Amino acid sequence: MIATLVLSCLSTSIFKQQDGALAQQYIQTIRYRNLVIDLGNGVNTNAQLTLPAVGKGPFPSVLIIPGSGAVDKNGTLGFVHKYGPRPPTPYLQIAQYLSERGFAVLRYDKRGVGANYTILDTNVWGNTTANDLNQDSKKALNVLIQQPEVDTKRISIIGHSEGTLYAPRVAIDNSTNVKNIILMGALAQNPVKVEYYQDVSLPLEYAAQVLDRNHTGSISIEQFANVPLLLKLLPSPRSLLRTNNTEAITTTLAKDFGMSGYISIEKQLKPLLVKKYENITAFNLLKCNTLVICPILWRSLSSLIPNLSIIGNVSKSTGILILNGENDAQTPVQEAFLLQQRLIELNHPDHTLITYPNLGHVFYPSSRWETGIGPIQQYVLGDLYAWLEAHSGFSRLPNSMSFSTTNFSTSSTIT
């Protein structure tokens, strides 16, 4: 009887706690405002402003510049299916986290793009250039500035992946409005060089370091057939790869590479990877049939002055935060190190680098060979907020700043 009574009381307590937690989820902490941004020449795009639920402002504010591909304002990482699990939405996650803590945050769909990887206008999408995307970022900034709740003297810009190309450029041209820039998954060199790393260097490293255990310079076709990381980079039919029929894949590979049963990493695999890279970065294709980077955009990106060469033009009064996963397979952490080294060389007075072991391009646990997909880790959001809080007038930055991660690295004097 006593045991039953204790369990009953405990059960009641648990249910009350669950009910309380459920009720708390419906406490409004964020306001949402849907906007339309006029990008010029008849092109519009949807945007959303998130605001703290309490107060009229003016609030310190953040603009999020999206990364590569057909990215919507939420940064949705995968197709949304009616009955399937919802994919992660990192840009919405950032916006909600910061707005709950006192920031106004604006994010927007890339030009020609809608939700769920929908291309709304194939002409706009296929003819987009790097200059278009840079100008779109500036127009989004102007829309943010026009919002009555925004403190125009406390605006920060977050760029992710390809967005890190445009964030410094927007800051350079708007130094009186942009107080800080945050580069997440940063690009230092020209994107074409980084694409070579993704398509050629990284797969070759994987083949040599993981598959070629005996250091013979070759790997077996059977091994190869079970590695999606390599298979997706080869010209094999997509329909075949989707079957997961190892026997059929092995037979096809044998036809491609010969009947010896082995593939030479340097003489056979590398030329195929290089050919794939050249097809991806071909600038002479007239039609865009990809949701990633179209030929016209690739052409403009190839001639873009790299961040390493322009980062010195960012105002000395602008704070710079660089965040990178150490297992980033798309913008490797070495890119962040190069930017850090250049900022040290330039004696920029306020720059910070934080790297995260075991996290990938979207700040979710990943191997160094492939990007894991999931929500941004809470401690990364905590670091982002702590830095922004200190750089937005909420609190004074102490001499020894404490972040939740132990992998904080800086060679700067933070003021």
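**Labels and their cut-offs**

Tutor: Gladly! A search of the whole structure finds one disulfide. This is a predicted model, where local features need pLDDT of at least 70 and side-chain atom pairs count only at pLDDT 80 or more, while totals for chains, interfaces and linings use all residues. Residues are numbered from 1 along each chain as its sequence is written, and side-chain values use heavy atoms, with hydrogens and water left out.

Student: What makes Cys288 and Cys294 a disulfide?

Tutor: A disulfide is a pair of cysteine sulfur atoms within 2.5 Å. From S to S, Cys288 and Cys294 are 1.9 Å apart, so they meet that cut-off.

Student: Why is the disulfide of Cys288 and Cys294 called left-handed?

Tutor: The torsion about its S-S bond is about -60°, so the disulfide is left-handed.

Student: How do you know whether Cys294 is buried or exposed?

Tutor: Buried means under 20% relative accessible area, exposed over 50%, and partly exposed in between (1.4 Å probe, protein chains only). Cys294 has 2% relative accessibility, so Cys294 counts as buried.

Student: Why are α6 and α12 called roughly perpendicular?

Tutor: Two packed helices are described by the angle between their axes and the distance between the axes. Helices are DSSP runs (H or I, at least four residues), strands are too (E, at least two), and both are numbered from the N terminus. Axes are lines fitted to C-alpha atoms, for helices over the stretch in contact, and angles run from 0 to 180 degrees between N-to-C directions. Angles under 35 degrees count as roughly parallel, over 145 as roughly antiparallel, 65 to 115 as roughly perpendicular and the rest as oblique. The axes of α6 (residues 191-211) and α12 (residues 295-302) come within 8 Å and cross at roughly 115°, and α6 and α12 are therefore roughly perpendicular to each other.

Student: Which residues of α6 and α12 meet?

Tutor: Pro191, Val192 and Glu195 in α6 meet Trp298, Leu301 and Ser302 in α12, where contact means heavy atoms within 4.5 Å.

Student: What makes Tyr206 and Trp369 an edge-to-face pair?

Tutor: Six aromatic pairs turn up in a search of the whole structure. Rings of Phe, Tyr and Trp (its six-membered ring) pair if their centres lie within 6.5 Å; planes under 30 degrees apart count as stacked, over 60 as edge-to-face and the rest as tilted. Tyr206 and Trp369 lie 5.2 Å centre to centre with 75° between the planes, which is edge-to-face. This pair links distant parts of the chain, with Tyr206 in helix α6 and Trp369 in the loop between β12 (351-356) and α15 (378-390), 163 residues apart. Tyr206 counts as buried at 15% relative accessibility, and Trp369 counts as buried at 14%.

Student: Why is the pair of Tyr356 and Tyr379 called tilted?

Tutor: Tyr356 and Tyr379 are 5.9 Å centre to centre, with 45° between the planes, and form a tilted pair. Tyr356 is in strand β12 and Tyr379 in helix α15, 23 residues apart. Tyr356, at 1% relative accessibility, counts as buried, whereas Tyr379 is partly exposed with a relative accessible area of 34%. Ring pairs link Tyr356, Phe363 and Tyr379 into a cluster.

Student: How do you know that α5 is largely enclosed by the rest of the structure?

Tutor: Nine of the 11 residues of helix α5 (residues 163-173) are buried, so α5 is largely enclosed. Among them are Gly163, Tyr166 and Arg169.
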